[in-house]
Amino acid sequence: MRQTGYRKKSQLCHSGPMSLRSIGLVSLTRHLGAWRSPGAGAAYRQLAGAVRLLILDGRLPLAARLPGERELAQALGLSRTTVSAAYGRLRDDGFLTGGQGAAARTSLPNGPAPRHEATPTDKTGLIDLTAAVLPADPNVHAAYVRALERLPANLPGHGYETTGLEELREAVAAGYRRRGLATSSGQILITHGAHNGLVHLLRLTTRPGTPVVFDHPTYPQAIDAILAAGGRAVPVALPDGEGEEGWDVEGLIAACRSSNAAMAYLVLDHNNPTGRMMRAADRTRLLAGLKGSETLLVLDETLVELTLSGPPALSASAVDAPRIVRLGSMSKSVWGGLRIGWIRADRAVIQRLAQSRASFDLGVPILEQLAAVELLNDGGKALAARRPLLRARRDHLRARLAEKLPDWVCPRPAGGLSLWARLPGPISSALTIAAEAEGLRLAAGPRFGVDGAFEHRLRLPYTLPEDQLDEAVVRLGRAARKVGRGGQKAPASVKPVAVY
């Protein structure tokens, strides 16, 4: 059968967490995690739904061979008939290829290429809660207009700026100086967003099997980048008991030292997805504990300016050391379409990065850099106007959830763009599948971790307008009731999900 654009595009999107072409039994069972929910329908349907979700959100790559029915049945404590029925349903829906008795390989249904709408709610009424981002405000358009006026002055040059435009690097450095971190433009490298900066750092420091420590849960694309670079994931769980918050500082120190980790990737300023912020005293303890180690401490500060309650994160983050590298970005605070980020590091590290990036990319477009200069030099006025909006939407979403889903626990984050809801059972993946049928796209909790963790959790961004949040909660309630009284087959035409 002729393959459509759906298949080709999706293959490009599914090269992250598990890039091997054969999925081992241990890997698959870890990713499945707590896939079975009591009372949520037949076991074969639940297993098929769990595997389907792993394929759709990129945790299983396409064209990868899955374990045989007999060995998977034994590992999961199921009959072979149950696993065979699950594989059969996945084949019928187009998520597996290979007939009965042949090797089962992951796939996607044939059909028209998926359309990606520019708005969170598309023409079919779908509400998308997989992206914790805000739309651009009028300041973005105005910044591009001014940047276009200034572009002619840059046209006589060759346009290749390996480290970035000097005036943009200086604008970024000035922002750090306002935070109390003495910074020169020579300590800044401009990148295509913070994720691109992490990829550059991983290419510089990581070889196959190199341990990389990270707080758990964390940003999904960071996990993908670590595994794609061949790094060995070393997660350190955030305290998750009743009323607990913060980080396991001693656990982070021990993990870095015992594994001789090349890098520790941490989101200390409004962790994505939890919204937590590490206290200044804990940062001091962390630095003291890592003193003398070879671990490069990479701090992702994409959300650092989005404090909504309490003292600003900026006041707590002004700690420095030679082996600290900071990632910044305008994607969360300004607009995801402005792919401007940066790395702040020791000059020697910046020089090495500038040399190594030539084989990967040749820099960031000049027009976008000029627009970024305009936005960074506004004195923070645009962002100051957005914080009250986000604060109101955060509180509105929590109130609606408390009203419609009172058995869910939704802590009030100090900042960031999302809630990290605790569910009444390990139903996150099943809920995500059921919600798709209700016209609501979600990112299941396990997408923010490894080894099938966080089935009790769900990330819920509060970046949409209140009326859309209200409707999202209504649809979420319907999906939750379906999961509670029996599973439902997810439609075969659902799109692959990327999480931002």
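**Reading the model**

A: Begin with the surface. The protein chain has an accessible surface of about 20600 Å², and 55% of that belongs to carbon and sulfur atoms. Accessible areas come from the Shrake-Rupley method with a 1.4 Å probe, and for residues only the protein chains shown count as cover. This is a predicted model: local features need pLDDT of at least 70, side-chain atom pairs count only at pLDDT 80 or more, and totals for chains, interfaces and linings use all residues. Residues are numbered from 1 along each chain as its sequence is written, and side-chain values use heavy atoms, with hydrogens and water left out.

Q: How many helices and strands does the protein chain have?

A: Helices (H or I, at least four residues) and strands (E, at least two) are DSSP runs, numbered from the N terminus. Here the protein chain has 17 helices and 13 strands.

Q: What share of the 500 residues is buried?

A: Buried means under 20% relative accessible area, exposed means over 50%, and partly exposed is in between (1.4 Å probe, protein chains only). In this protein chain, buried residues make up 56% of the 500.

Q: Which contacts join residues at least 24 apart in sequence, and what is their share?

A: Contact means heavy atoms within 4.5 Å. Take the contacts between residues at least 6 apart in sequence: 74% of them join residues at least 24 apart.

Q: What is the strand order in the open sheet?

A: Two strands pair if DSSP finds at least two bridges between them. The open sheet has seven strands in the order S4-S10-S9-S8-S7-S5-S6, with mixed pairing. Strand S4 (188–191) and S6 stand at the edges with a single partner strand each, so one side of each has no neighbour in the sheet. Neighbouring strands of this sheet are turned by 20° against each other on average, direction ignored. For such angles, axes are lines fitted to C-alpha atoms, for helices over the stretch in contact, and angles run from 0 to 180 degrees between N-to-C directions.

Q: Which strands pair with S9, and in what sense?

A: Strand S8 (residues 296–300) pairs with strand S9 (residues 324–329) in the parallel sense, over four bridges. Leu297 stands opposite Ile324 in S9, and Asp300 stands opposite Leu327. Strand S10 (residues 341–344) runs antiparallel to S9, again joined by four bridges. There, Ser329 stands opposite Gly341.

Q: Why is S9 largely enclosed?

A: Six of the six residues of S9 are buried, so the rest of the structure largely encloses this strand. Ile324, Arg326 and Gly328 point one way, while Val325, Leu327 and Ser329 point the other way.

Q: What covers the buried residues of helix H10?

A: First, the residues themselves. In H10 (residues 249–259), Val249, Gly251, Leu252, Ile253, Ala255, Cys256 and Ser259 are buried. Their cover includes strand S5 (211–216), strand S6 (232–237), strand S7 (263–266) and helix H11 (280–290). Just after H10, Asn260 takes a positive phi of about 55°.

Q: How many aromatic pairs does the whole structure have?

A: Rings of Phe, Tyr and Trp (its six-membered ring) pair if their centres lie within 6.5 Å; planes under 30 degrees apart count as stacked, over 60 as edge-to-face and the rest as tilted. A search of the whole structure finds two pairs. Trp420 and Phe448 are edge-to-face, 5.6 Å centre to centre with 75° between the planes. Trp420 is in strand S11 (residues 418–422), and Phe448 is in the loop between strand S12 (440–441) and strand S13 (457–461), 28 residues apart. Both Trp420 and Phe448 are buried. Trp420 and Phe454 have ring centres 5.7 Å apart and planes at 70°, so this pair is edge-to-face. Phe454 lies in the loop between S12 and S13, so its pair with Trp420 in S11 ties together parts 34 residues apart in sequence. Phe454 is buried, at 17% relative accessible area. Trp420, Phe448 and Phe454 form one aromatic cluster.

Q: Which residue lies over the face of Tyr176?

A: A charge sits over a ring if NZ of Lys or CZ of Arg is within 6 Å of the ring centre and within 35 degrees of the ring normal. Here Arg344 lies over the face of Tyr176, at 5.5 Å from the ring centre.
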